[in-house]
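Work through the exercises below with the sequence and the model side by side. Each task is followed by a solution that goes step by step.

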Amino acid sequence: MSTQQAEPETQEAPEDPEMKGAESPAAEEQKGGGMVDDHAEKKAELEGETVHLKVFRYDPEVEGKQEPRFDDFHVPFEKGMTVLDSVMYARDEYDSSLTFRHSCRQAVCGSDAFFVNGKQRLGCKTQISDLEQPVRIEPLPHQEVVKDLVVDMDHFYDQMHTVEPYFQDEDTPPVDDLDEQRQSPENREKIKMSSRCIWCGACMSSCNIAAGDNEYLGPAAINKAYKFAMDDREGEEIKEHRLRILEQEHGVWRCQTQFSCTEVCPKDIPLTEHIQELKREAVKKNLKFW
């Protein structure tokens with residue numbers, strides 16, 4: 001990516017008197033309007049207008065850009081525009097050095113998680129029309145910033161791999177005797193939501209425990225362990241092995257049930273619920289009856 005920085009557009013768009021002082025969709029709904037109608041009205045107001053972005057900038061390798069700052073961009077609004085669309089436009093039209101991650105445009109890759117208007121969100125899934133302006137776009141909190149909106153994900157990936165996120169079965173027969181390992185519909189339903197994780201890191205970024213404890217496995221890794229620990233196709237010995245990993249000092253017992261991870265998950269995974277269930281499983285494993 002080129003490091004030559006074009007001058008970002010800083011001219012303020014003409015103020016629309018109808019937009020000034022506009023209330024949030026939630027406030028409008030309290031007055032009797034429906035959320036669907038409110039969003040439609042907001043999109044109609046934005047048609048033909050520009051969207052004001054305030055984008056976090058930082059480049060440790062370029063003199064004069066080593067101090068964090070915010071750059072302003074005014075991007076023409078189009079129907080259906082997402083946060084990812086808007087920063088791509090800003091990069092392509094105003095400043096080619098603006099750096100961020102994205103792998104696809106279908107809300108499944110997880111690489112374009114940003115901190116947008118004070119909340120962890122997927123850029124490709126978040127509609128500009130649903131946000132208050134100016135739209136403030138920052139890198140994920142509690143992680144080292146590499147450049148602009150790109151954060152270092154190495155620690156996150158290390159924690160994910162710590163829980164051994166792959167299927168294991170101590171009773172697997174020789175290759176010549178392998179047969180289909182079937183899973184019951186009930187068991188599949190139980191772990192279905194946990195399998196939706198896209199490794200975006202939003203939950204880890206929102207977790208206050210992870211922010212203060214660098215060794216805490218974090219909600220994403222624990223959820224990944226839940227997926228395998230609750231799979232009936234793995235034997236009891238492997239399940240106990242996973243629970244030993246999870247019940248360590250920096251495992252499930254560090255969770256304080258704040259639900260912040262569940263609130264920001266773009267795939268609606270009940271992360272906090274999964275962590276609590278693993279706590280119960282760990283307790284049951286250690287119970288002894290004489």
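**Exercise 1. Describe how helix H9 crosses helix H11, and list the residues that make the contact.**

Solution. H9 passes H11 in a left-handed crossing, where left-handed means that the near helix is turned anticlockwise from the far one by less than a right angle, and right-handed that it is turned clockwise. The contact, meaning heavy atoms within 4.5 Å, is made by Lys 239, Glu 240, Leu 243, Arg 244 and Leu 246 of H9 and by Leu 278, Glu 281, Ala 282 and Lys 285 of H11. By class these residues divide into 4 nonpolar, no polar and 5 charged, with Ala, Val, Leu, Ile, Met, Phe, Trp, Tyr, Cys and Pro counted as nonpolar, Asp, Glu, Lys and Arg as charged, and the others, Gly among them, as polar.

The model is predicted, so local features need pLDDT of at least 70 and side-chain atom pairs count only at pLDDT 80 or more, while totals for chains, interfaces and linings use all residues. Residues are numbered from 1 along each chain as its sequence is written, and side-chain values use heavy atoms, with hydrogens and water left out.

Turning to the geometry, H9 (residues 236–246) and H11 (residues 271–286) pack at an angle of about 110°, with their axes 10 Å apart. That makes H9 roughly perpendicular to H11, because angles of 65 to 115 degrees count as roughly perpendicular, those under 35 as roughly parallel, those over 145 as roughly antiparallel and the rest as oblique. Axes here are lines fitted to C-alpha atoms, for helices over the stretch in contact, and angles run from 0 to 180 degrees between N-to-C directions. Helices (H or I, at least four residues) and strands (E, at least two) are DSSP runs, numbered from the N terminus.

**Exercise 2. Determine how H8 is oriented relative to H9 and to H4.**

Solution. Begin with H8 and H9, which pack at an angle of about 165° with their axes 10 Å apart; they are therefore roughly antiparallel to each other. H8 passes H9 in a left-handed crossing, and the contact is made by Ile 222, Ala 225, Phe 228 and Ala 229 of H8 together with Lys 239, Arg 242 and Leu 246 of H9. This contact divides into 5 nonpolar, no polar and 2 charged residues.

Next, the axes of H4 (residues 154–162) and H8 (residues 219–229) come within 8 Å and cross at roughly 25°, which makes H4 roughly parallel to H8. The crossing of H4 and H8 is right-handed, and its contact is made by Phe 156, Gln 159 and Met 160 of H4 and Ala 220, Ala 221 and Lys 224 of H8.

**Exercise 3. What lines the largest cavity, and how do its residues divide by class?**

Solution. A cavity is, on a 1 Å grid over the protein atoms alone, a set of points where a 1.4 Å probe fits but cannot get out, and lining residues have an atom within 4 Å of a point. The largest cavity has a volume of about 100 Å³, a volume being the space filled by probe spheres set on the points, which are joined across faces, edges and corners. Its lining has 14 residues, of which Cys 207, Cys 255, Thr 257, Gln 258 and Cys 261 lie nearest its centre. Helix H7 (208–212), helix H10 (260–264) and H11 each supply at least two residues of this lining, and by class the lining has 8 nonpolar, 6 polar and no charged residues.

Technical notes
On a 1 Å grid over the protein atoms alone, a cavity is a set of points where a 1.4 Å probe fits but cannot get out, and a pocket is an open set with protein on both sides within 12 Å along at least five of seven lines; lining residues have an atom within 4 Å of a point.
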